[in-house]
Amino acid sequence: MATSTLSQEQKYELITRRLQEVLGGDIIKQVLQERDAKGYWGGYSVVGVPWTDVDESTDLNQVPLQPESVSGGIIKVLRWYNDLPARTAHIGYFVPLTKIADFLHAGVEMSILLADLHAFLDNLKAPLELVKLRVEYYRYLLVSVFTSLGVPTTQLKFVVGTSYQLSEAYNLDNYRLCASITEHDAKKAGAEVVKQVSNPLLSGLLYPGLQALDEQYLGVDFQFGGVDQRKIFTLAEQYLPKLGYKKRAHLMNAMVPGLAGGKMSSSDPNSKIDFLDSPALVRKKIKAAFCEEGNIEDNGLLAFAKAVLIPIVNLRKEQIELGQEAKLPVYVAADAPAGSVFTIPRDEKWGGSSHYATYEELENDFKEKKIHPGDLKKAVGDAIISLLEPIQKDFESNKEWQEVTAKAYPSEAPKAEQPKKKTKVYHPPPPGKGKNAKAASGESTLVVEGNTVTTPAGPVEGSVGQEAIDAISKGVEDAKVNE
């Protein structure tokens, strides 16, 4: 069914399905009675680091970049900084992008805000030139992902923040908003996305208000993000009407755990997969992923299947129904029964492959330990590799994208390995050998005569008690070691 023939109810169902929460659904329904809706998603996470891994004393330049659990494409807490190692986008972006595909299918005019000014404010003075390069990198990437999913981008607009956020009108509204919002409300709104410290930067207090103003200046009916953005969304609903602007709807994705299960660790490189990771590296990271048998609570692999893989299958099915050139992903076996959305391939000696028509069936089998963690890892790993293949081919054939990536995320020069210093190990000579050995064969190296103890180092006057002899012997051995 073409978009133009979808009813208002069908469009609303597409727009709101698979979301954790919808604020202002009636606003969208009212808009759909008159025209197609307009929405925006903020691509704020040009670079970031989880706030749970830093405090006021942390040197952010020494913190490796890893994403937190991703929802709506926004890293759970944004903290921008300069001198980054080569870090590019990760596959968590598939979560919001598959949802944006629903918006586009429903006829939504979707804007993706590449928020360079937001990044500049929050990245501890990273130069705008670097931020702009990263904006270009994301533009190339997002177009490539949508193309790989077979999603038309005619209804998709990319908007760079500084194209309007430096205007006189926007800045005047920002001042008006600052005169309305209390410090308490600003800190509360940013609690989930701005590091809360005893002496915060002023930019962290401005951030929620700026994000609220973006709704007005992008001319949208709703903003899309993750549930971690909820407090900023409610601030926008409260304060934009005080400036004389209408209240917008807000759509929120659920949080999706990372490969490590629960909160991702910024010290663990296996906790995320980049879009440009090789198949071998993907398999290595999947192998290291947390996947306890029967545990469905913090299982990043199951979460990815639910939030990305299965929705892509349903998207392809809808494209086929519309007569578009599309085929089911390879992670649905060719011999799978009609209606299958995921396949766990297994050798016949292990019971053969299992096919699933819903995510709930897949989750239940894993919970009941009918699926071995190794089989789930292989199935999800192969699925991710198949999703990344067309994007990586696009990157390899696009020199401009490669050049922008190299400039936006310059790799750290590999440090030359310092030659290891050889440790000198003392090997004592056999009895009667060495430069201090007696010439006469079989002659004792320790002779006691009265009050004199004769050693290879010469005569020593003193007591002939056993303790003295032991101490002298030890001193001789120490002398040999130090020679």
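**Exercise 1. Count the helices and strands in the protein, then find what share of its residues is buried.**

Start with the secondary structure: this predicted model has 15 helices and 13 strands. Next, take burial: of the 483 residues, 47% count as buried. Finally, look at the contacts between residues at least 6 apart in sequence: 71% of them join residues at least 24 apart.

**Exercise 2. Check whether the end-to-end distance of helix α3 (residues 94–105) agrees with its number of residues, and work out how covered the helix is.**

Step one is the expected span. You take 1.5 Å times one less than the number of residues, and for the 12 residues of α3 that should come to 16 Å. Step two is the model itself: the end C-alpha atoms of α3 are 16 Å apart, so the two agree.

Step three is burial, where the cut-off is under 20% relative accessible area. By that test, 12 of the 12 residues in α3 are buried. Just after the helix, Gly 107 takes a positive phi of about 85°.

**Exercise 3. Find the residues with the most contacts inside the largest nonpolar core, then list what Met 110 touches.**

The largest nonpolar core has 85 residues, and those with the most contacts inside it are Phe 94, Ile 100, Met 110 and Phe 222. Helix α11 (residues 300–321) gives the most to this core, with 12 residues. Apart from it lies another core, of 24 residues, including Leu 113 and Ile 232.

Now zoom in on Met 110. Leaving out residues up to four places away in sequence, Met 110 touches Ile 100, Phe 103 and Leu 104, among others. Its partners also include Tyr 40, Trp 41, Leu 156 and Phe 222.

**Exercise 4. Classify two helix pairs by angle: α6 with α8, and α13 with α14.**

Take α6 (residues 168–178) and α8 (residues 202–217) to begin with: they pack at about 130°, with axes 10 Å apart. The two are therefore oblique to each other, and α6 passes α8 in a right-handed crossing. Residues meeting there include Tyr 170 and Leu 177 in α6, and Leu 206 and Tyr 217 in α8.

Then take α13 (residues 373–397) and α14 (residues 399–408), whose axes come within 5 Å and cross at roughly 90°. That makes α13 roughly perpendicular to α14. Where they meet, α13 brings residues including Ile 391 and Phe 395, and α14 brings residues including Trp 401 and Thr 405.

How values were computed: Residues are numbered from 1 along each chain as its sequence is written. This is a predicted model: local features need pLDDT of at least 70, side-chain atom pairs count only at pLDDT 80 or more; totals for chains, interfaces and linings use all residues. Side-chain values use heavy atoms; hydrogens and water are left out. Helices (H or I, at least four residues) and strands (E, at least two) are DSSP runs, numbered from the N terminus. Buried means under 20% relative accessible area, exposed over 50%, partly exposed in between (1.4 Å probe, protein chains only). A nonpolar core is a set of buried Ala, Val, Leu, Ile, Met, Phe, Trp, Tyr and Cys residues joined through side-chain atoms within 4.5 Å. Contact means heavy atoms within 4.5 Å. Axes are lines fitted to C-alpha atoms, for helices over the stretch in contact, and angles run from 0 to 180 degrees between N-to-C directions. Angles under 35 degrees count as roughly parallel, over 145 as roughly antiparallel, 65 to 115 as roughly perpendicular and the rest as oblique. A crossing is left-handed if the near helix is turned anticlockwise from the far one by less than a right angle, and right-handed if clockwise.
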